Amino acid sequence: MHERPRLTPIQINRDLMRSVLETPLVFYVLLLILMGLVGLGVVAATLLVTYGLGVTGLNHPVFWGFFIINFVFWVGISHAGTMISAILRLTAAEWRRPVVRAAEVMTVFSLLTAALFVVLHTGRPWRTLYWAFPYDFVRGIWPDVRSPLVWDPSAIFTYLTGSILFVYAALIPDLALARDKTTGWRRSLYGVLCLGWRGNARQWKLLNATGLLLSALILPVFVSVHSIVSWDFGMSLVPGWHVHIFAPYFVVGAVLSGVAAVIALMAVMRSLFRLHDYIRPEHFDMIGRLLIVVALAWAYFYFIDVVFALLSKEEAEYEVMKLRLSPPYLYLFLLMITCNVFLPVPIWMFRRFRRNIGIMLITSLVVNIGMWLERFLIIVPTLQRRHPDAFAWGDYSASLVEISLVIFSFANVGLLLLLFSKIFPVIPIWEEKEGHIWKREFRIGKLRLPAIVRE
Amino acid sequence: MPSVLGLFQSADTAADAADRLQASGFGPTDYEVLTGAPYPEGAFGEDSGDHRLFIFPLGGAMIGFAVGLMVTAGTQISYPLITAGKPILGIPPMFIIMYEGTMLGALIFTIMGVIFESRLPNLSNDLYDSRITEGYVGLVVRCDDDAQADTAQSTLTEAGAEEVKHQGRS
């Protein structure tokens, strides 16, 4: 990109391998904090498995609570990673280089965390295999492929496998570099993982072709995954969920929360690993522009959802929406809409704010608070008014076990990302070097302007 | 079979060395260019050969589709329980799982394809230098005999190679 400083391959290696080769004190501090929070989650999960779903706040008629909210939230977060990476690769956008790996890795860890919550939600994790795996183990009953709850595992498994392969393919040259820069067991490990990569012209040519192929293949999967997650709701006959726009609405919401999470991750990486020459204000500027479009698209879908429920005069739908728009949920609704649109979008309109990393970090976190609330508002009030008769209405308040496991999910993704950064470079080193190979300067009158040859 | 590796500090001198090698009678397939980042194809006049990577995802997609069909149709026919009056073999829900199977097959086979076509895993002990990942360009010349290796070595040295290594000479 135009603000990229001129760096030699040796400088790039040194800067981008720093997180792998050096271990600052802050790494250990973060590691301890995150491990402590993950430990809290392990204790909560142990209680859940030992005593069953009775330790949660789930009760008739609200049988989907924090676990499913968190599942949808983390599947959403996982969306932007691969989407950003795939779209930017396909369009050969030069500013993708420092962003793609962190985004792809976040996809993998978010999906793993999301999948964990479905397993926890069953209350009997060991039996999940019977319900989802397409094999008759002991009971003579096969999973019903006509149920959206069976579509989910197939979509998530495909997306997770594809995302892991996507990360690995682009990681191979950097693993070869790590092999050349390390000694002892680490050298052996990287040597095995890089499969004996040499960096000849044929290998580079194939790697570039693979990046494009995988991008083209994973984009339709990315759309299908959150569509299928939305059908967990949309295919049911529950008022408030049985809505035909749920699939695109969920996909756009996922992109909004995911892109915001990528911004937060970039800001943290830049500060933690001193990557100021690589993750620059211009990157935040570019993603900020993208976020304006996505946030407004999300607002449009949300508006349609609300208006249809209110104007259709269908009693059950109306009742659910009325509950969502009445206190106390009204306050959550206002907070959500403020977090997702009214606060961040006007800020992102200004270039100087989009280039201010602190402001971008805060707004991206605010958006994710809003998106978590959005999932809460979709699930909980709807189930409270699931039945038409008032005597079958109910309430929900999350237990400490559920709250602990939500905290665990954030710590878990953070911990996995931190450990990844200790083992693998968080920015694709070969892609960064490729950017320097293509960078040239040209003169117009008295000006010397930087340019990328391919753009 | 002897081989010679010349290390060059810049891409321009490496491209010049490649020209000299061709002038000395070596063909574009007789040498291999090693770099730490991808250069535009043909930057060193090398021949990286054709590949059939694009066939792999197609094959994978077909296998994935077949497995998806088998899983969806097979499980329902094995236990034909009618639920909510829906047909045993409902096309829309089957299509979703077959679609995911198709994409999964294509993704997995793409990676298998790139590994196969890149000749990985490479377990041979070919000439290599870790400075290649620091920006050096390596030219590895595969020779038929020692006399050809001598020619390659002198050509690379004259072209400005910072260091020339060899392997497999008698």
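This section describes the domains, chain contacts, helices, nonpolar cores and selected backbone features of a predicted model.

Chain B is assigned two domains. Domain 1 is made up of residues 3-50 + 126-167, and domain 2 covers residues 55-117. The centres of domain 1 of chain B and domain 2 of chain B, taken over C-alpha atoms, are separated by 47 Å.

Between the chains, 52 residues of chain B are in contact with 52 residues of chain A. On the chain B side, the elements that give two or more residues are strand E2 (31-34), helix H2 (55-78) and helix H3 (91-117). H3(B) supplies the largest share of that side, 16 residues. By residue type, the side of chain B that touches chain A divides into 27 nonpolar, 17 polar and 8 charged residues.

In chain A, helix H10 takes in residues 246-272. Its 27 residues should span 39 Å at 1.5 Å a residue, and the end C-alpha atoms are 38 Å apart, which agrees. Because 21 of the 27 residues of H10(A) are buried, the helix is largely enclosed by the rest of the structure. Just after H10(A), A:Arg274 takes a positive phi of about 50°, although A:Arg274 is not a glycine. A:Arg274 is found in the loop between H10 and helix H11 (281-311) of chain A. With 13 other C-beta atoms within 10 Å, A:Arg274 is partly exposed.

The largest nonpolar core has 141 residues. Within this core, A:Met106, A:Leu256, A:Val259 and A:Val262 touch the most other members. H10(A) gives the most to this core, with 17 residues. Leaving aside neighbours within four places in sequence, A:Met106 is in contact with A:Ile77, A:Gly81, A:Ala261, A:Val262, A:Leu265 and A:Leu417. Apart from this core lies another, of 27 residues, among them B:Tyr31, B:Leu127, B:Val137 and B:Val140.

In chain B, helix H4 runs over residues 146-158. The 13 residues of H4(B) reach 18 Å from the first C-alpha to the last, close to the 18 Å expected at 1.5 Å a residue. The buried residues of H4(B) are B:Ala149, B:Ala152, B:Gln153, B:Thr155 and B:Leu156. The packing partners of the buried residues of H4(B) are strand E1 (3-8), helix H1 (11-23), strand E3 (137-142) and strand E4 (163-167) of chain B. Just after H4(B), B:Gly160 takes a positive phi of about 105°.

Two further positions in chain A were examined individually. A:Phe117 is placed in helix H5 (residues 100-121) of chain A. A:Phe117 counts as buried because it has 22 C-beta neighbours inside 10 Å, the cut-off being 20 or more. When neighbours within four places in sequence are left aside, the contacts of A:Phe117 are A:Phe67, A:Asn70, A:Phe71 and A:Ser409. A:Phe117 and A:Glu317 are 200 residues apart in sequence, and their C-alpha atoms are 28 Å apart in space. The other position, A:Pro346, is in helix H14 (residues 344-348) of chain A. A:Pro346 has 11 C-beta neighbours inside 10 Å and so counts as exposed, for which the limit is 12 or fewer. From C-alpha to C-alpha, A:Pro346 and A:Ile292 are 8.7 Å apart, with a sequence separation of 54 residues.

A:Pro61 lies in the loop between helix H3 (25-51) and helix H4 (66-90) of chain A. B:Pro121 is found in the loop between H3 and E3 of chain B.

A positive phi is also found at A:Leu195, a residue other than glycine, where phi is near 60°. A:Leu195 lies in the loop between helix H8 (184-193) and helix H9 (201-234) of chain A. With 16 other C-beta atoms within 10 Å, A:Leu195 is partly exposed.

How values were computed. Residues numbered from 1 in each chain as written. Chains lettered and ligands numbered in written order. Predicted model: local features only at pLDDT ≥ 70, side-chain atom pairs only at ≥ 80, totals over all residues. Domains from an automatic or database assignment. Contact = placed C-beta atoms within 7 Å. Helix = DSSP H or I, 4+ residues; strand = E, 2+ residues; numbered from the N terminus. Nonpolar A, V, L, I, M, F, W, Y, C, P; charged D, E, K, R; others polar. Expected span 1.5 Å × (residues − 1). Core = buried A, V, L, I, M, F, W, Y, C linked by C-beta atoms within 7 Å.
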